[in-house]
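Reader: Could you take me through the salt bridges in this model, please? I would like a close look at which side chains pair up and where they sit.

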Amino acid sequence: MGLILLRYGELALKGANRPVFVRKLRHNVRSALRVEGIPGTVESRGSRLFVSTSAVERAIPVLQRVFGLVSLSPATEAPRDLAGMEAEAVALARSAGLQPGRSFRIEPRRADKSFPYTSPEIGQALGAAVKDATGARVDLSPAADVTIGVEVTAQAVLLFGQVYPGPGGMPLGVAGRVVALMSGGIDSPVAAWMMMKRGCNIVPLHFRHNAVEAAKFEANLQVLSRWSYGWRLRPTVLDQAEVFGRTFRRLQELHEERWTCLLCKRTLMLHAAEVAQRYHALAIVSGESLGQVASQTLHNLGLISYGVPIPILRPLIGLDKAEIVALAREIGTFEVSTREAAPCAYLPRRPLTRGHLEAFQRLLARLEQAPGTPGAMPDSNASDAPATGGAG
């Protein structure tokens with residue numbers, strides 16, 4: 001059986017409730033192995049988790065998608081004496097192809113302070129053994145060709161030559177449940193992923209307005225499911241025409257189509273709040289980024305949130321498009337999100353970029369009036385400044 005050392009980051013800063021977070025992380029690691037059909041066991045030793053498996057190479061990319069893990073390394077156990085550690089370090093160096101002309105460094109970490117040698121003494125002894133056996137030169141900088149890590153714990157001495165990054169964050173499920181609005185575009189799947197990284201179980205919600213975008217939503221859901229070990233993604237799909245169609249027709253009757261994007265998004269938020277109540281979710285997640293499109297100005301974001309009874313989380317709010325695209329590529333949703341797109345049927349010719357609360361409140365009142373009610377006059381208390389980046 002091979003051994004994989006798993007490291008977690010900010011969980012170590014937790015106080016008396018740290019065991020709760022570690023138990024959840026351990027559960028999610030087991031779930032990842034089970035879902036992917038990888039045999040293995042998971043155990044805790046001190047401040048580390050360990051996976052014992054006969055399929056180390058298959059397990060590594062899977063474990064790299066478990067939130068809460070900051071890094072992982074295939075490791076070998078060595079005897080708890082200096083001679084045995086030197087022999088294991090030499091074997092690891094040779095398997096890594098160390099030879100004259102290449103460089104290496106030893107990075108020891110002595111967690112067990114009762115071990116008779118200090119970290120510098122361990123590094124010097126193992127470094128000398130590797131240098132004598134391979135002819136490679138020592139380079140203590142990060143530019144070294146090979147880094148051999150050594151961890152001395154109360155239970156074992158572990159050596160490793162590779163460190164694979166994990167996604168970091170918190171174990172999925174420790175932060176509660178949220179409803180994540182997801183379209184077929186680039187931003188919303190990234191926003192959902194970022195809240196998963198902070199430990200939220202997401203309930204995906206899609207407002208279907210055409211088959212093209214619905215198919216992209218379903219495909220991105222499959223991508224996100226590969227990051228959702230420990231929580232099954234169960235989407236909710238509502239028909240956008242049923243949700244917003246009546247309001248849109250009233251806007252046309254009132255000749256107030258410029259408010260369409262704001263009213264549409266607010267309507268979707270209100271329905272998302274109803275879905276959240278049904279699934280005991282505590283917040284709504286949206287993929288808005290400040291100033292990216294007409295509906296995402298500060299003025300308009302405030303109106304979109306007006307009257308929504310639960311928090312709206314916007315994890316992308318301070319990111320620019322290039323940063324969001326980079327995350328989408330890393331997650332694996334970019335290729336799906338950039339397939340052929342179908343335009344929104346409700347997009348106005350001149351979307352409002354700076355709505356005002358008083359005008360918005362008056363418009364809401366007028367929308368509730370029956371068609372043809374006297375006194376429904378256009379309201380001019382809003383800005384028609386041209387949008388930058390299109391409508392949202």
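Author: Happy to; here is a walk through the salt bridges, pair by pair. Please keep in mind that this is a predicted model. The count comes to 16 salt bridges.

Let's begin with arginine 48, which forms a salt bridge with glutamate 151, the closest N and O atoms being 3.1 Å apart. Arginine 48 belongs to strand S3 (residues 48–53) and glutamate 151 to strand S7 (residues 146–152), so this pair ties together parts that are 103 residues apart in sequence. Are these two residues buried or exposed? Both arginine 48 and glutamate 151 are buried. They also take part in a network of salt bridges that links Arg7, Arg48, Arg109 and Glu151.

Next comes arginine 198, whose side chain meets that of glutamate 10 in a salt bridge (2.9 Å, N to O). Here too distant parts of the chain are linked: arginine 198 is in the loop between helix H5 (187–197) and strand S11 (200–208), while glutamate 10 is in the loop between strand S1 (2–8) and helix H1 (18–35), 188 residues apart. Arginine 198 has 38% relative accessibility, so it counts as partly exposed. Glutamate 10, at 30%, counts as partly exposed.

Finally, there is a pair within one helix. The side chains of glutamate 253 and arginine 250 meet in a salt bridge at 2.7 Å, N to O. Because they are three residues apart in helix H7 (residues 240–253), about one helical turn separates glutamate 253 and arginine 250. Glutamate 253 counts as partly exposed at 42% relative accessibility, whereas arginine 250, at 6%, counts as buried.

Technical notes:
Residues numbered from 1 in each chain as written. Predicted model: local features only at pLDDT ≥ 70, side-chain atom pairs only at ≥ 80, totals over all residues. Heavy atoms only, no water. Salt bridge = Lys/Arg side-chain N within 4 Å of Asp/Glu carboxyl O. Helix = DSSP H or I, 4+ residues; strand = E, 2+ residues; numbered from the N terminus. Buried < 20%, exposed > 50% of the residue type's maximum accessible area, 1.4 Å probe, protein only.
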